Amino acid sequence: MSTWRKSSYSPVNDCVEVGHGVGIRDSKAPTTHLPVSDKAWSAFLTEVKAGR
């Protein structure tokens, strides 16, 4: 089981959560998640931080 972290930028009830080694999920539907590899997540964060 993974520990899920909520984004500090998400509103209280509309959160995106990240589970290390698991993926991402919507806090309103916690029983399902989208698997994302470490490499894909890192690439995504790089693009977001670059403003793209």
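Arg52 counts as exposed because its relative accessibility is 66%; the cut-offs are under 20% relative accessible area for buried, over 50% for exposed, and partly exposed in between, with a 1.4 Å probe and protein chains only. The side chain of Arg52 meets that of Glu47 in a salt bridge, at 2.7 Å from N to O. A salt bridge here is a side-chain nitrogen of Lys or Arg within 4 Å of a carboxyl oxygen of Asp or Glu. Glu47 has 34% relative accessibility and therefore counts as partly exposed.

This is a predicted model, in which local features need pLDDT of at least 70 and side-chain atom pairs count only at pLDDT 80 or more, while totals for chains, interfaces and linings use all residues. Residues are numbered from 1 along each chain as its sequence is written, and side-chain values use heavy atoms, with hydrogens and water left out.

The protein has 1 helix and 4 strands, arranged along the sequence as β-β-β-β-α. Helices (H or I, at least four residues) and strands (E, at least two) are DSSP runs, numbered from the N terminus. The C-alpha atoms fill a box of roughly 30 × 25 × 15 Å along the principal axes. Of the 52 residues, 12% count as buried.

Strand β3 covers residues 23–26. In a regular strand the side chains alternate between the two faces of the sheet.

Strand β3 has two partners to follow. With β2 (residues 16–19) the pairing is antiparallel, over 4 bridges; two strands pair if DSSP finds at least two bridges between them. The hairpin of β2 and β3 has 3 residues between the strands, and Gly21 in this hairpin takes a positive phi near 75 degrees. With β4 (residues 34–35), β3 also pairs in the antiparallel sense, over 2 bridges. Ile24 stands opposite Leu34 of β4.

Which residue of β3 is the bridge partner of Glu17? The partner is Arg25. The two side chains also meet in a salt bridge, at 2.5 Å from N to O. Side chains of opposite charge can pair when their charged atoms come close. The structure holds 2 salt bridges.

Is Arg25 buried or exposed? Arg25 is buried, because its relative accessible area is 17%, and Glu17 is buried as well. Leaving aside neighbours within four places in sequence, Arg25 is in contact (heavy atoms within 4.5 Å) with several residues, among them Trp4, Cys15, Pro30 and His33.

The helix, α1, spans residues 38–49 and includes Phe44. With a relative accessible area of 45%, Phe44 is partly exposed. Phe44, Leu45 and Val48 form a nonpolar patch on the surface, with about 250 Å² of accessible area together. Patches are made of residues with over 30% relative accessible area and no salt bridge; like charges are joined within 9 Å, and nonpolar side chains (Val, Leu, Ile, Met, Phe, Trp, Tyr) within 5 Å.

The protein as a whole exposes about 4300 Å², of which carbon and sulfur atoms supply 59%. Accessible areas come from the Shrake-Rupley method with a 1.4 Å probe, and for residues only the protein chains shown count as cover.
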